[in-house]
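Here's a friendly walk through the structure shown below. Take a look at it first, then read on.

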Amino acid sequence: MESQTAIEVAIEVKNLTHTVSSKTGDLTILKGIDLEIKEGESVAIVGASGSGKSTLLGLLAGLDINTEGDIALYGHSLTTLNEEKRALLRGQYVGFIFQSFHLLPSLDALENVMLPAELKGDKMARQKALQLLEKVGLSHRLTHYPRQLSGGEQQRVAIARAFASEPKILFADEPTGNLDEENGQVIIKLLFELNQSEGTTLVMVTHDNHLAAQCDRQLVMSSGRLQESTQNNCKDPLR
Amino acid sequence: MSFAWRFMRKEMRSSDVVTLLVALVISIGTVTAISLFIDRLRLSFEQESASLLAADRVVRSDQVIPPSWLQQAESLKLSVAERASFSTMIFAKNKLQLSQVSAVTNGYPLKGHFLVDSTLFGQGVKSNESPKPGFIWISSRLASLLGVTIGQTVEVGDKTLTVSKYLVLDPGASSSAFSISPRAIMNKADLAATNVIIPGSRVRYSLLVAGEANALSALQTWLAPKLTEGQRWITPKQRGERIGETINRAESFLLLAGTLAVVLSGVAMALASSRYVKRHLMQVAVLKTLGATPKALSRLFLLQLLFLFVIGALLGLAFGWIVQNMIAALLSSLVTTALPEPEFWKMWLGVATGLISLVTFCLPLMRRLIRISPLSVLQPSARVEQRSVILYLIGFAGMYGLMCLYTQGVMLPTVMMVAMAGIGLVVSLLGWVMFRFGRSVTSGATSGWQIGLAALYRRLVPNLFQLLVFTLIIMLGLVLVGIKTSLIADWQKQLPADAPNHYLFNVQANQIAPISQVARTLKITSSSWYPMVRGRITEVNGEQVSKLYPDDKPEPELFERAMNLTWADQVGEGNKVVAGDFSANGLSVEEKVAKEAGLKLGDKLTINIGGVFHTLPITSLRFVDWSSMRPNFYVIVPKSVLNDSPANYVSSYFVKPSQAQAFYQAMSQFPTVSILNVGDILRQIQSIIAQLSQAVQLVLVCILAAGGLVLLASVRSTLEERMEEGALLRVLGARGALVRQALIIEFACLGLFAGCIAAMGAEASLYGVQVYVFNAEPSWHPMLWLLGPSAGVLLITTVGVFASRTVLKVPPMHLLRGI
C-alpha cells in the first residue's frame with residue numbers, strides 16, 4: 001500500500017477558460033477553473049443544463065482543446081498536443097461511458113468490448129473482453145448486436161468496453177441518464193465496483209443526486225465556474 | 001488491422017456500401033464495355049491494314065489506267081495487278097441484287113490475302129489466289145439475297161459466272177464494315193464480256209504495285225507529272241490514318257454517351273458516401289474518444305475504400321466484358337469479318353474511371369468523417385459541416401477530367417458540360433414551375449395528393465436534380481425509339497403515293513426505246529430520261545481546285561469527287577430557278593452546294609469531262625426538292641457541251657408491288673442496266689439503324705441503371721426524415737393507405753413531369769433531324785408523348801416506392817422511441 005503523500009495527481013487544471021465563437025459573438029463557457037483530481041478519486045460534476053459540465057468533461061478528456069489555461073493528465077499537458085497525439089494519450093489513459101451508450105451498431109457485444117484494447121494493440125484483447133463481459137453479467141450475450149440488447153444491457157457493454165483498455169481515468173457522461181431506476185442502480189453498482197477493483201479515477205457528469213452522492217467529491221458547475229459542494233464526503237444520504 | 005477487416009466485412013452488407021459498389025460496377029462496366037468494343041473494331045482494322053491496300057502502293061483512277069503505266073511498273077521489276085470496281089446488278093434465276101463488284105487480274109492481291117469460305121457466313125480461310133476466269137466469289141449476304149449456293153450460276157451483265165466461293169474479306173476493299181451493297185469478286189478477263197462498263201459508267205480503276213522501295217519511288221517520280229484530277233497515288237499510311245480517325249471519333253462519341261452513366265454513378269456514389277458518413281460520424285467520434293488516431297482512422301477508411309474498389313473493379317470489368325460481347329454480337333451481321341478478341345490491358349480506362357470517380361466523389365466526404373471532433377459525442381453541435389456544393393464541384397471536376405481523357409482533348413467535354421448546364425437550367429426552370437404549380441393547387445394534408453405534391457416542392461433541389469436525370473434518360477430513350485421506328489416511315493409517308501421507287505441507270509441510248517416499251521406494256525409510270533456523263537470540276541475562275549484546297553483543307557462536296565452531269569432544255573420537276581437564267585448558255589448549280597463552295601452567279605468553272613476541259617460561267621442557281629425521288633443533279637451543263645461526250649441515260653420509275661415481278665422479268669433482257677430499288681435500300685438502312693440503336697440501347701440501359709441508383713440513393717438519404725414524417729402522420733391518425741398514396745403520388749408526379757419534358761425534348765430533337773438531316777416536313781410523334789410520361793411514371797414510381805418501402809412499415813411508436 002502506497003503512502004498518502006505518494007498519491008499521484010491524475011488531472012491538473014490551471015486557470016481553464018473556454019470560449020467559443022458563435023454568430024452572436026464570442027461566448028465564454030468556462031471561466032478560470034482550477035482543479036486537481038488525485039489518482040483513484042471519484043468526482044461528480046453536477047449543475048444545471050447548459051452550465052458547461054459536458055464541455056468541461058470533454059476538455060478534461062482531451063476531446064477538444066481549450067482556449068486558455070492548461071490541462072494535464074498525469075503530467076502530460078493536453079494544450080500543446082495535436083489531435084493525433086491527444087488520441088494516443090486518450091488510448092493510453094482514458095476510458096469513456098456515455099449517456100446514449102454509443103456502441104458501434106455493426107459490431108457485436110464482444111467485438112465492441114475488444115475494440116479499445118485492439119486499438120492499443122493488446123494481444124489479450126479477446127480474453128480481457130470475455131472477462132469483463134462476465135463481470136457485467138453478459139457472458140450469454142456475446143454475439144448479440146447492440147440493437148438486440150436492452151438499454152441497460154447496452155450500458156453494461158459500454159462499461160465493460162470502458163474498462164477494457166485498463167484506463168487510469170474513466171469519464172462518464174450521465175451514465176444513467178437514459179435508463180430506468182432499476183437499470184440505473186445496476187449500472188451504478190457495476191461502475192463503482194469496477195472502479196474500486198481496478199483503482200481507476202472516475203470523473204462523472206450527472207443530474208442524479210443519488211449517484212453524485214456516492215462519489216468522493218462533488219463539484220457544482222454554475223455559469224461557467226466550478227465550486228466544491230458543501231455536501232462533501234456525505235456519501236449516500238438516501239441510503 | 002484485424003479490426004479493420006472485421007469492420008469492413010460487416011459494412012459490406014449495409015445499403016450504402018452496396019449502393020456504392022453497384023455504382024462503381026456500373027461506371028467501370030460501361031466504360032470497359034465501350035473501350036473494349038472499340039478496341040476490337042480497331043484491332044480488326046489494324047489486322048486488315050496490314051493488307052489494307054492489297055499492295056505496297058496503289059494508283060487509283062476514275063478512268064482506265066493507260067497500259068504504258070503497267071509497262072513502266074513492270075520494267076522497274078515491280079509486281080503488278082489491276083482491279084476495276086463498280087456497282088452493277090447481279091441476276092440469279094429471277095432474283096436480282098445491286099452489288100459492289102471487283103474484277104481483278106491474276107496475281108491479285110499482291111499483299112495480304114482473301115478470306116473465303118465454302119460454308120455460308122463462315123469465318124473464312126486465307127487464300128492468295130483470285131477467282132479463275134468463268135468463276136465468281138460472292139459474299140454470304142449476296143448469296144442469301146440471290147438464293148444461290150456454291151456451284152450455281154449468276155449473271156453479271158451478259159456474262160454467266162459460276163459461284164465457287166463465299167467471299168469473307170477482300171483485302172483491297174475500301175472497308176469491310178458497314179457497307180450497304182453486298183460484294184462480289186470476279187476475274188478481270190471476264191469483264192469485257194459482261195458489257196456492263198459503258199462510256200460514262202462509274203468505275204474505279206486501280207493499278208496495284210509491290211516491290212523494292214527504290215523501284216516504288218522511281219515509279220512515283222515517273223508518274224507524278226502524269227497524274228490528273230481524279231487520279232491518286234495512295235500509300236497504306238493514308239488509308240490507315242483515315243480509318244483510325246473514324247474509329248477515334250466513334251470512340252469519343254460512345255465514351256461521351258457513357259460519361260452520362262459515369263456521372264450518374266458518381267452522383268450515386270456521393271449520395272451513398274454522404275449517408276455512410278452521416279451514419280458513421282458518431283461512431284468515428286466514439287472511436288476517437290477511445291483513442292483512435294486520425295491517422296489510424298484514415299488508414300481504416302482508405303483500406304475499406306480500396307477493398308471496395310478492388311471488388312468493384314473486378315465485378316465491373318466482368319460486367320463490361322459481357323456487355324461488349326453483347327454489342328459485338330448485335331453488330332455481327334454489319335461487320336463482315338469476325339472481330340478479334342480485345343486486349344486485356346485496354347481495361348485500364350474502366351479501372352481509371354472507377355478510381356477517379358471514387359477519389360473525387362467519395363474521398364472528400366470521407367475526409368469529413370475523419371475530421372469529426374471527438375467532442376461531438378457529448379455535444380452534437382461540434383460536428384464539422386462541409387459545404388456539399390464544394391464536394392459536388394470536386395466530383396464534377398473529376399468527371400470533366402475523365403471526359404478529357406476519353407476524348408483526348410478539352411473542346412468536346414467543354415461543349416458537353418456547357419450543353420448539360422444549359423439543359424439543366426431549362427429543366428430546373430420547367431420543373432420549378434411544375435412543382436410550384438402542383439403545390440399551389442393543393443393545400444392542407446388530408447389527401448395523398450396534397451401530401452405528395454407538397455413533398456415534391458419541399459425537397460425542391462434534390463427533386464429538380466432527379467427530374468433532370470430522368471428527363472435526360474427518358475429523352476435519350478425516346479429519341480432512339482423515334483429514330484428507329486418513325487423517322488424513315490415518316491419520310492416515306494410524305495412522299496407522293498406514286499413517287500418513283502426504282503432508278504434505272506447505265507442505260508445506253510439504243511436501250512431507251514425498248515425499255516420505254518416495257519414500261520408502257522406494264523403500265524408503269526416513268527419520268528423522263530436524262531443523259532448522264534461523269535465530270536470533275538478542276539478550276540474555279542482559273543484557279544486550280546487542288547491549289548484552293550490543299551490536303552489539310554476539307555473540300556466542299558462539289559469539288560470532292562467526280563460527279564454526274566446532265567443537260568436539260570427546261571427546268572425539271574422538283575427544281576426551281578432561284579437566281580439567274582436557266583436558258584442562258586452556262587451552268588445551272590444547285591443552290592446549297594453552290595453556297596457551300598462559295599460560288600455565285602458569273603463564277604467560271606472548268607469541268608473535265610472525259611479528258612476534255614470545258615470552261616463555263618454559272619448562269620443560274622436552282623432549288624432542288626431531293627425528296628421528289630426523280631434523278632436530280634448538282635450541276636446541269638448546256639446541251640452543246642455534252643453532245644460530244646459519251647453518255648448513258650438515267651430515269652426513275654414507279655413500280656407497284658404487283659408489277660414488280662413482271663418488271664424484273666422483263667428487265668432481265670437488259671442485263672447491263674442497273675436497277676436501284678429504293679425500298680430495298682431503305683430497308684437496309686432501317687436494319688442498320690435498328691442494329692446500331694440496339695447497341696446504343698445497351699449503353700442506355702447502363703445509364704438507366706445508374707439513374708435508378710441515383711434515385712435509390714437519393715431517397716435513402718432522406719429516409720430518416722421520411723420515416724419521421726410517416727410516423728407523425730400515423731400518430732396524427734392517418735391511415736397507412738394515406739402514407740402509401742402520398743408516396744406514390746410524389747414519385748408518379750416526378751415521373752410524369754420528367755416524361756413530359758423528355759417528350760418535349762425528344763420531339764424537338766426529332767424535328768431537327770427531320771428538317772435538317774432528312775430535308776423533310778416536320779411531323780408530330782404522338783407515340784412519344786404517350787411513351788415518355790408512362791415510362792417516367794412507371795420507372796420512378798417503382799424505384800421510388802421500393803427505396804422508401806420502410807416508410808410504409810414504420811410504426812407510430814417510431815417517433816416516441818426516437819430510434
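## A loop residue to start with

Let's begin with B:Gln408, which sits in the loop between helix H11 (388–407) and helix H12 (411–441) of chain B. Helices here are DSSP runs of H or I with at least four residues, strands are runs of E with at least two, and both are numbered from the N terminus. Is B:Gln408 buried or exposed? It's exposed, with a relative accessible area of 71%; exposed means over 50%, buried means under 20%, and partly exposed is in between (1.4 Å probe, protein chains only). From C-alpha to C-alpha, B:Gln408 lies 9.6 Å from B:Asn248, although 160 residues separate them in sequence.

## How to read the model

This is a predicted model, where local features need pLDDT of at least 70 and side-chain atom pairs count only at pLDDT 80 or more, while totals for chains, interfaces and linings use all residues. Residues are numbered from 1 along each chain as its sequence is written, chains are lettered from A and ligands numbered from 1 in the order in which they are written, and side-chain values use heavy atoms, leaving out hydrogens and water.

## Helix H6 and its two faces

Now for helix H6 (residues 213–223) of chain B, whose buried residues are B:Ala215, B:Leu216, B:Leu219 and B:Leu223. They're on the same side of H6(B) because they cover an arc of only 100° around the axis, going by the directions from the helix axis to the C-beta atoms. An α-helix has 3.6 residues a turn, so residues three or four places apart point the same way.

The face turned away from that buried side carries the exposed residues B:Ala213, B:Asn214 and B:Thr221. Covering the buried residues of H6(B) are, among others, strand E1 (57–61), helix H3 (67–75), strand E10 (203–210) and strand E11 (231–234) of chain B.

## Where the chains meet

How many residues of chain B are in contact with chain A? There are 24, and they touch 29 residues of chain A, with contact meaning heavy atoms within 4.5 Å. On the chain B side, B:Lys10, B:Leu290 and B:Leu378 lose the most area to chain A, together 26% of what that side buries.

Helices H1 (2–11), H7 (236–289) and H8 (294–330) of chain B each supply at least two residues of the side that touches chain A.

## A glance at chain A

Chain A has 7 helices and 10 strands. Of its 239 residues, 54% are buried.

Terms used. Buried area is the accessible area (1.4 Å probe) that two parts lose on being put together, summed over both.
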